[in-house]
Amino acid sequence: MKLITRQQYLNQLQRVMNTPDIKIVTGIRRSGKSKLISAFAEYVKSIDATANIIEIDLTKLRFEHLKEYHALNEFVENKYKEGVSNYLMIDEVQLCEGFELAINSLHSEEKYDIYLTGSNAFLLSSDLATLFTGRHIEIHVYPFSFKEYCIYHNIVSDNIQSAFNDYIQTGGLSGAYPYTSSTDKGKYIREVYETILIRDLVDKYRIANPTMLKKVSSYLMDSISNISSSRNISNALSTNGEETNHKTVGTYIDYLCNAFLFYEAKRYDVRGKTYLQSLSKYYLADTGIRFAVLGKRNMDWGRMLENIVFIELLRRGYDVYVGKLYQKEIDFVAINGNEKIYIQVSDDITNEDTFKREVEPLLKIRDAYPKILLARTRNDETDYEGIHILDIPRWLLV
């Protein structure tokens with residue numbers, strides 16, 4: 001399988017090298033966590049020929065005997081070398097029963113620079129502080145961005161718009177890329193999706209009704225960019241004859257987000273500069289999953305573009321909220337420290353009424369933070385009364 005350098009994530013790992021934290025690589029299944037750790041190991045070798053890198057992949061048969069924490073601890077200690085930098089890199093660490101006991105013990109000795117990957121259901125952000133008594137830092141990996149997609153496929157500038165059309169439907173799970181037919185690509189993505197639901201969620205949480213979990217997931221996929229709550233989802237499913245309640249639905253939504261299949265966007269009051277607790281939007285980790293599972297049923301291209309922009313903003317390090325200004329909605333308020341950007345997303349703004357509808361909320365914002373309208377303009381950047389109007393594929397390649 002073809003590999004590309006995912007420099008953004010390598011840079012993050014390089015910045016935290018040799019710090020006392022346990023580095024934990026998280027992300028949706030098949031997003032490239034294992035390949036990233038392998039690439040990082042090669043980087044370490046390239047800058048320090050004397051480094052002692054202890055690499056363990058618990059999916060491999062030769063490491064089968066390490067799936068018990070005493071054995072894992074003993075193996076690592078026997079591989080330690082005095083007088084050089086020692087790096088410990090374990091892939092699929094959750095396959096070792098009691099792994100956290102071994103990792104905490106090794107970490108306490110302050111002899112190893114530790115890097116871990118694992119199934120997202122076992123290394124949840126909410127669980128890390130409980131699992132690891134020492135300090136840890138999380139490196140979150142997303143599926144391929146459009147920029148990475150273009151690098152992988154050697155896309156030249158003349159073909160960007162066509163490539164973006166393909167990317168919307170294929171998405172960023174690069175394991176699908178070697179398949180030549182859309183049918184086979186979709187089959188691969190569906191299998192990843194089913195594995196997340198069954199192995200990462202149903203098995204971990206002992207879910208008694210996996211069919212309902214799948215229905216909640218499908219509902220969220222079908223409702224991308226709509227304001228949702230566990231109560232209105234429960235009501236909608238009950239109307240269709242499904243027996244459930246808002247507490248169960250809320251729990252299932254949490255599980256789906258824990259597995260990084262969906263991400264929540266809470267609301268932000270632009271005028272009051274406050275975060276609102278009620279109602280949220282949910283976005284899919286990758287639009288390719290939506291096409292593979294639901295096809296083009298009830299397809300809204302504008303919502304798919306909105307989903308892609310949301311994930312890209314997360315990828316670029318922003319906290320992303322849905323903006324509320326009086327009775328108007330701003331698609332995204334992206335915040336990173338003192339930086340704030342207001343963003344509207346649209347498929348087509350050639351119609352004058354559509355254009356006015358999209359810019360109206362941005363024009364009502366009174367502060368001086370940047371305001372951007374992202375759309376399929378297929379043209380260079382323009383400005384309208386201080387609003388930057390950008391073509392989405394070109395913005396994604398910046």
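## Cavities

About 80 Å³ of space lies in the largest cavity, a cavity being a set of points, on a 1 Å grid over the protein atoms alone, where a 1.4 Å probe fits but cannot get out. The model is predicted, with pLDDT of at least 70 needed for local features and 80 or more for side-chain atom pairs, while totals for chains, interfaces and linings use all residues. Residues are numbered from 1 along each chain as its sequence is written, and side-chain values use heavy atoms, without hydrogens and water.

The lining of the largest cavity includes F146, Y167, D286, R315 and L396 (lining residues have an atom within 4 Å of a point). Helix α13 (residues 301-315) gives the largest share, five residues. By class there are six nonpolar, two polar and three charged residues.

The structure holds two cavities of 30 Å³ or more.

## Pockets

A pocket is an open set of points with protein on both sides within 12 Å along at least five of seven lines. The largest pocket has about 1200 Å³ of space. Its lining counts 46 residues, with R30, K33, S34, K35 and D91 nearest the centre. The largest share, seven residues, comes from α2. The lining divides into 17 nonpolar, 14 polar and 15 charged residues.

The second largest pocket has a volume of about 700 Å³. It is lined by 30 residues, and C257, F262, Y263, E264 and K266 lie nearest its centre. Here 14 residues are nonpolar, eleven polar and five charged.

## The sheet

Eight strands (DSSP runs of E, at least two residues) form an open sheet in the order β7-β6-β8-β9-β10-β11-β13-β12, with mixed pairing; two strands pair if DSSP finds at least two bridges between them. The edge strands, β7 (274-284) and β12 (382-384), each pair on one side only. From one strand to the next the twist averages 35°.

Helix α14 (residues 352-363; a helix is a DSSP run of H or I, at least four residues) packs on the sheet and touches strands including β8, β9 and β10, where contact means heavy atoms within 4.5 Å. The direction of α14 makes about 165° with that of β10; axes are lines fitted to C-alpha atoms, for helices over the stretch in contact, and angles run from 0 to 180 degrees between N-to-C directions.

Strands β11 (residues 371-375) and β13 (residues 387-391) run parallel, joined by five bridges. K371 stands opposite I387 in β13.

How values were computed
Grid points are joined across faces, edges and corners, and a volume is the space filled by probe spheres set on the points. Ala, Val, Leu, Ile, Met, Phe, Trp, Tyr, Cys and Pro count as nonpolar, Asp, Glu, Lys and Arg as charged, and the others, Gly among them, as polar.
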